[in-house]
Amino acid sequence: MIPRIHKRGMRTIGLLSYLYEPGKFEEHIDPHLVASWDNGAPDPGRDPNATLKQLQHLLDQPVENAEEAGRPKKHVWHLSVRNGAADRILTDAEWGDIARRMVAAAGIDDPTENAGCRWAAVRHADDHIHIVATLVREDGYKPDLDFDAVRVQAEARVLEAELGLRRLNKGDGTAAKRPTSAERHKAERQGRERTAREELRETVRRAVAGATSEEEFFDRLAAAGLLVRKRQAPSGDLLGYKVALTDDRNEDNEPVYFAGSTLAPDLSLPRIRERWSAPQQDPAAVPDDRASAPSGPARARRRAAAAAWQAVLIIDHGNDRHAAALIAAAGEVLDALAKTSAAHTRKQLQEAARTFERASRSHVEAERGHDRALRQAARDLIYGGPALGRGEDGATTAMVIDMVAFLVISAAHWHGKKNHAQQAAAARQAAEHLRAAYQSAAQHPMAVLRHRGRRLSQPLQRRQAAHLRQAVPELAEQILAEPGWHALAATLADVEAAGHEPATLLTEAVARRELDTAESVSDVLVWRLRRLANLPADASAMPESDTATPQSAGRPKRPSTGRNTRPRKPR
């Protein structure tokens, strides 16, 4: 159940006309009252003798009776209450009870004092109602509407449980503003998949990802094709900004601008500046994987994987302010990945970034500076350029998605412990999109590794299995039964060939993060080991280890007799 308080208005008759007349976009079917302040208001929908003007006059009567100085300029309060598509259709009586409880929760009506505002609830569809109220009480006083939005949301959670409706997660006031119905209808008319507000929010987030200065940020906005207006103080200091799409215009053919703060709470200019004002982190603390990766997208992805791994450890065991900064920076990494991904992973990565946006904010104040490595990783991804879907680019994409998925899962766990229900749910949903993206990205590089693993000799396979049982005895049999075991065996052979001790590196890879959330433990260990040992993510370019297979080992080769030579028949 979603209650939404709309902007206050000045014309009661205008809102009533909209509610009772055929809708322009959503067909209004059988509009009628389901409840009112005295349960006796005229209903123009079902009473042929009642008119909209009569209902409007009764609603406005306390306002008109009040002294002019006590009349609010905008006296029309409007609340819509909508159920989800999967919810059952409620009766008029149930909607009437919902309306009465909502106006009581908001402070519009007080049944105990009989001195509330006048209101009426109109139903013109199966799934929602509209409540119209005028903001002068019967006794001439104004209602107390402080935190009315918070109170109606809380009442909605109670009603969901009582009526057996789908229960939504409780919010904390840090979510980005949803598009209005007018914005959604405009997008439909223009043939857009998303509203201008949503497109601008995503574009601005990508412009912020890894940016280090105002100049760079505004240059990125311009490069993305947005119209930008800067708001300056008389002193010349920059106070804020607004952005617009070039083809989104109002009735006067003027661009429709949105301030950064109206796109999302963390996209106001002061909040963006917090990311740049953090003290510089010691470069030695920033993980690097230069030794094994070429320059460009592949190296950027390896650095991002290393930074994500370090961030997981801090979120799991660090303090809350550090964790909040890292979770916010994780959103930048996802935005950068979505912007630079190859076609076969792009859709799922974009969905992951959009979904995780809700998880990137909470009321826990982020302590900037500890997110330096992740923000640098986002920057590297942007300037590393678009990744190809093959070779080292494709394999390192699988590697970084695997690491970032664990980072997102850690964020979900952290939010869950803090009772941030919406953020935890968003992070879990983003993790599902990342799993789908990983399946696409990992298909080829894992197939190469599995092929290499199957070609290992039996003695070498047994040796890698022994390393596995030594390092992770509790998981060994599960891993050996997984389809990815041969890929892990090939990686362990590569680790050994590179001069590392496989069991030691395995122990490190497992000990630093639990594996309960992994769909394939062997896949996770493959990428952790290849990163820890600085091995190329794309194994196809590597020389193979001992590859004698059980079928061919020790078998003498049949001598060639030539193409046209046939054995002679015995005489």
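Q: In what order do the strands of the open sheet sit?
A: In this predicted model, local features need pLDDT of at least 70, side-chain atom pairs count only at pLDDT 80 or more, and totals for chains, interfaces and linings use all residues. The order is S6-S7-S8, with antiparallel pairing. Strands are DSSP runs of E, at least two residues, and helices are runs of H or I, at least four, numbered from the N terminus. Two strands pair if DSSP finds at least two bridges between them.

Q: Which strands stand at the edges?
A: S6 (227-232) and S8 (258-259). Each has a single partner strand, so one side of each is left without a neighbour in the sheet.

Q: How many bridges join S6 and S7?
A: Six, in the antiparallel sense; S7 covers residues 238-244. Arg-231 has Gly-240 in S7 as its bridge partner.

Q: New topic. Where is Gly-84?
A: Gly-84 lies in the loop between strand S3 (76-82) and helix H3 (92-106). Residues are numbered from 1 along each chain as its sequence is written.

Q: Is Gly-84 buried, exposed or partly exposed?
A: Partly exposed, because its relative accessibility is 21%. Buried means under 20% relative accessible area, exposed over 50%, and partly exposed in between (1.4 Å probe, protein chains only).

Q: How far apart are Gly-84 and Gln-61 in space?
A: They are 35 Å apart, C-alpha to C-alpha, and 23 residues apart in sequence.

Definitions and conventions
Heavy atoms only, no water.
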